[in-house]
Amino acid sequence: VHMVIDRPLGSTHPSHSDIVYKVNYGYVPDTMAEDGEEVDVYLLGVSVPVRDYVGQIIAVIKRHDDNESKLVATPFGVKYSEEEIRELTHFQEKYFNSEIIM
């Protein structure tokens, strides 16, 4: 899947300056999530800031107390466990009640 990274690794959340992105974060163009915007995606396994990327989806983070889910992507062939995904996305997901669907 092609991703546009609008919050690269090390950037801060546009509305909450205390949230620093520990991974690249963006969206999948030409999709629509439950909130009416493009589907959001965490990009794991890329240790430098990027602006766009093509990789594979390995999981979905389903938020039970929010109106949208998040995709989890990696470079092709790279895998993460559920625990590793939870740890890497905790900087933002700690504010939500969610489950990871592999």
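Predicted model: local features only at pLDDT ≥ 70, side-chain atom pairs only at ≥ 80, totals over all residues.
Me: What makes the protein as compact as a globular protein of its length?
Reply: Start with the layout: one helix and seven strands, running β-β-β-β-β-β-α-β from the N terminus. Helices (H or I, at least four residues) and strands (E, at least two) are DSSP runs. The radius of gyration is 12 Å, close to the 13 Å from the globule rule for 102 residues, so the protein is as compact as a globular protein of that length. That radius is taken over C-alpha atoms, and the rule is 2.2 Å times the number of residues to the power 0.38. The C-alpha atoms fill a box of roughly 30 × 30 × 30 Å along the principal axes.

Me: Why is T89 called buried?
Reply: Its relative accessible area is 1%, so it falls under the buried cut-off. T89 sits in helix α1 (residues 82-93). Setting aside neighbours within four places in sequence, T89 is in contact with Y42 and I61, where contact means heavy atoms within 4.5 Å.

Me: And R63, why does that arginine get the buried label?
Reply: R63 comes out at 6% relative accessible area, so it is buried too. This residue is in strand β5 (residues 56-63), and beyond four places in sequence it touches several residues, including Y42, Q92, F96 and N97.

Me: What makes R63 and E93 a polar contact?
Reply: Their side chains are joined at 2.6 Å, and a polar contact is a pair of N or O atoms within 3.5 Å, one able to donate a hydrogen and the other to accept it, with residues adjacent in sequence counting only if both atoms are side-chain atoms. The R63 side chain also makes a polar contact with that of D66, at 2.8 Å.

Me: Why is R51 called exposed?
Reply: R51 has a relative accessible area of 57%, so it is over the exposed cut-off. You'll find R51 in the loop between β3 (39-43) and β4 (52-54). Leaving out neighbours within four places in sequence, R51 is in contact with M3, V4, I5, D6 and P8.

Me: Which residues lie nearest the centre of the largest pocket?
Reply: R7, H13, Y21, Y25 and Q92, out of 18 lining residues. The elements giving two or more residues to that lining are β1 (2-7) and β2 (24-28). On a 1 Å grid over the protein atoms alone, a pocket is an open set of points where a 1.4 Å probe fits, with protein on both sides within 12 Å along at least five of seven lines, and lining residues have an atom within 4 Å of a point.

Me: How many of the lining residues are charged?
Reply: Nine, alongside six nonpolar and three polar. Asp, Glu, Lys and Arg count as charged.

Definitions and conventions
Residues numbered from 1 in each chain as written. Heavy atoms only, no water. Buried < 20%, exposed > 50% of the residue type's maximum accessible area, 1.4 Å probe, protein only.
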